[in-house]
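Here's a quick briefing to read alongside the model. Have the sequence handy as you go.

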Amino acid sequence: MGSKTGLLVYADGDVREALRRAGAADFDRTVGMLRRLHPGRQIEECEGSALSGGVCPPEGTTYAAGWPGVDVVADRRVMIDAPSQLPDHLVAASAGRRLVLHAMHSVVDWLAFAVWEDGRLIRSLSLSPDSGIIENIGEPLPFELPYWAGNRPADVILWPDEGEKTYPLPFHPLDLGEDALRALCGFVQEGRPDPDDVDADTIRLHGFVVRDPHDPDLAEREAQLRRAVEAMGPPRVYTLGPDGSLIERDGL
């Protein structure tokens, strides 16, 4: 599956303890939370997911749940390169609370996380081997310190023909990402869980489709794509001639 997350967590206190006490999430409370986060959007129920498998929902789907002390929202739309640019209304909803953003994608070894306290950004980090450090705001949090001190170097074997002799970052973003997920949210997605970790398999999130009523719905977007493909006409196939010129072939 690979490591992927797109998470927002709003908490009154310790996230780990709140999730450990979590039972079945109240549906009406969860819908009310989403309406506050997405005013004017259409919200339709769909199939939900366990927290363990729902940290990065399919495109167009939001997984969410609310309990006393903590609210969790999983949505690909929060996977942004610069966490400090999280839309203002999502940050404003954290007034009087802690807000955690955690985003990660294993295909490009990208990690981003951020923490706000009562709406004030105290830490944001975003980095990948291709882009380097995209954003680095605030002082490193305690779980980061071994990485910046050089105690957790990237254990990566590069392909023989790659120009880079070493990994371009002092540590692997996904390693830090798992430690950030544990420290900030109380569980891990991959790797060996600690005895104190929350069992994310037992926590259920409700599923929703959240859409702007002014945007074409999914069926219309698919219809637009089909019309565009049909308008392109049949494909044209070429072969390379003896003199290096391109010769169009009839048919496929």
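How does Arg29 count: buried, partly exposed or exposed? Arg29 counts as partly exposed, at 34% relative accessibility (buried means under 20% relative accessible area, exposed over 50%, partly exposed in between, with a 1.4 Å probe and protein chains only).

A word on the ground rules: this is a predicted model, where local features need pLDDT of at least 70, side-chain atom pairs count only at pLDDT 80 or more, and totals for chains, interfaces and linings use all residues. Residues are numbered from 1 along each chain as its sequence is written, and side-chain values use heavy atoms, with hydrogens and water left out.

**Salt bridges**

- The structure holds 15 salt bridges (a side-chain nitrogen of Lys or Arg within 4 Å of a carboxyl oxygen of Asp or Glu).
- Arg29 pairs up with Asp71 in one of these, at 3.6 Å from N to O. That links distant parts of the chain, with Arg29 in helix 2 (residues 27-37) and Asp71 in strand 4 (residues 70-74), 42 residues apart (helices are DSSP runs of H or I, at least four residues, and strands are runs of E, at least two, numbered from the N terminus).
- Asp71 is buried, at 5% relative accessibility.
- Asp12 and Arg97 make another salt bridge, with their closest N and O atoms 2.6 Å apart. Here Asp12 is exposed at 54%, whereas Arg97 is buried at 15%.
- Arg211 meets Glu44 at 3.1 Å, N to O. Arg211 sits in strand 9 (residues 204-211) and Glu44 in strand 2 (residues 42-50), so this pair ties together parts 167 residues apart in sequence.
- There's also a salt-bridge network, whose members include Arg16, Glu17, Arg152 and Asp194.

**Aromatic pairs**

- The whole structure has 4 aromatic pairs (rings of Phe, Tyr and Trp, using the six-membered ring of Trp, with centres within 6.5 Å; planes under 30 degrees apart are stacked, over 60 edge-to-face, the rest tilted).
- Phe113 and Phe143 form a tilted pair, 5.6 Å centre to centre with 50° between the planes. Phe113 is buried at 0%, and Phe143 counts as buried at 16%.
- Trp148 and Phe171 have ring centres 5.0 Å apart and planes at 90°, so they're edge-to-face.

**Around Leu111**

- Leu111 is in strand 6 (residues 110-117) and is buried, at 0% relative accessibility.
- Leaving out residues up to four places away in sequence, Leu111 touches residues including His102, Leu125, Pro173 and Leu176 (contact means heavy atoms within 4.5 Å).
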